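Please read them with the structure open.

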Amino acid sequence: MKEDMQIHSSFEHLSTHMQNVENLGDLSSLPDAFDAIRPLGLEDFGAILWAMPDQKFPKLSEALPTMATEDVQNLWTGASGFRLLEQSLSFVRACAASYASAQNRGLAGQKILDFGCGYGRFLRLFSYFSDEVYGVDPWDKSIEQCQAAGFGDRVKLSEAVPEDLPFDGPFEFIFAFSVFTHLSESSTHACLNALRAVAADDALFMLTLRPIEFWDVAMAGHTHLNSDPKKMKQCIKDHRENGFAYYCTDQVTSPNYGDTSISMEWLANNLSGWEVVSVDRSLKDPYQRYVMLRAI
Ligand SMILES: C[S@@+](CC[C@H](N)C(=O)[O-])C[C@H]1O[C@@H](n2cnc3c(N)ncnc32)[C@H](O)[C@@H]1O
């Protein structure tokens, strides 16, 4: 376990609770295990999951999903450990607050879909609210990671340009973190439509978009992209003129997955069956703009 996570789990209220669960808890299923740590509150719930497995707590470690390795966290999501947990929790809290204010009820017990679930960092955190959290992703390695961690048939493989999705729904809440920040225009349309088909009427959908400033940061060499000024300037132009900029370094093997910025105007003009409810952002992860949509 990384040192920052160890410091976090060394709090007495955490270790005492976890020890009580070890001694008394019935952890025969994943929902039982989640239920055993929910009383600690969202952020400690996340801290425990980030630190799994922990040899001090063998029953919990057996029952709860194993966290992705530090390498996978860094490579797939650009950060790891405590910093990643803080960034991720900002999104979860924003979703919970916007959902409650727009729907006059909380996320508790709702049927939730993580669209583009990757290795499942948000499958873990949204399990604080509900046992009905499902994930899809078109990359087989994502599904392998989630299933190896213990999410079983809660996760399924989808298509990059989907006509439909492998779960029927209806979902009350859908989220897609750092997914529409990567899709081609045709994949973006297909995904928005496929998601509408599995959303309950009046459901909410939180997605993240990159602002135009992403290309300046990329040009300065601060992202995973090769800082080719000509291409980055073209993306800025595309974003200004069309509201949609897409840069794909591998047109041959993954033509629908690159880097994307989308303006709010483009989104509003291209939605069908969705309307924009609100926007938000966390300064802990400033190049992900949160946009909440409602199924209409
Ligand atoms: C940057 S990762 C983010 C993963 C996860 N949402 C997170 O924040 O930890 C982008 C994910 O989107 C997935 N993805 C790519 N194309 C997609 C599509 N058309 N539909 C859904 N997911 C897609 C990728 O396979 C990858 O797992």
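How many residues of domain 1 are in contact with domain 2, and how many of domain 2 with domain 1? The points below start there. Keep in mind throughout that this is a predicted model.

1. **Domain contact.** On the domain 1 side, 15 residues make contact; they meet 18 residues of domain 2.

2. **Buried area.** Domain 1 and domain 2 bury about 1600 Å² between them. Carbon and sulfur atoms give 70% of that area. Three residues stand out on the domain 1 side: Arg38, Leu42 and Trp50. Together they supply 45% of what domain 1 buries against domain 2, more than any other three residues.

3. **Ligand shell.** The ligand is surrounded by 21 residues. Gly116, Arg121, Asp137, Ala160 and Phe177 are the closest. By class, the shell holds twelve nonpolar, seven polar and two charged residues. Three helices each supply at least two shell residues: helix H6 (70-77), helix H8 (121-126) and helix H10 (185-198).

4. Check three pairs here. Asp137 uses its side chain: one of its N or O atoms is 2.6 Å from an oxygen atom of the ligand. Gly116 uses its backbone, with an N or O atom 2.7 Å from a ligand nitrogen. How much of the ligand does the protein bury? Taken alone, the ligand exposes 590 Å², and the protein buries 93% of that.

5. **Cis peptide bonds.** Two bonds deserve a look. One joins Met52 and Pro53, with omega at about 0 degrees. Pro53 sits in the loop between helix H4 (42-50) and helix H5 (58-63). Another cis bond runs from Gly169 to Pro170, where omega is near -5 degrees. Pro170 belongs to the loop between strand E3 (155-157) and strand E4 (171-176).

6. **Positive phi.** Which residue other than glycine has a positive phi? Asn104 does, at a value near 60 degrees. Look for Asn104 in the loop that links helix H7 (81-103) and strand E1 (112-115).

Conventions: Residues are numbered from 1 along each chain as its sequence is written. This is a predicted model: local features need pLDDT of at least 70, side-chain atom pairs count only at pLDDT 80 or more; totals for chains, interfaces and linings use all residues. Side-chain values use heavy atoms; hydrogens and water are left out. A residue is near a molecule or strand if one of its heavy atoms lies within 4 Å of it. A polar contact is a pair of N or O atoms within 3.5 Å; within protein, one must be able to donate a hydrogen and the other to accept it, and residues adjacent in sequence count only if both atoms are side-chain atoms. Accessible areas come from the Shrake-Rupley method with a 1.4 Å probe; for residues, only the protein chains shown count as cover. Helices (H or I, at least four residues) and strands (E, at least two) are DSSP runs, numbered from the N terminus. Ala, Val, Leu, Ile, Met, Phe, Trp, Tyr, Cys and Pro count as nonpolar, Asp, Glu, Lys and Arg as charged, and the others, Gly among them, as polar. Contact means heavy atoms within 4.5 Å. Buried area is the accessible area (1.4 Å probe) that two parts lose on being put together, summed over both.
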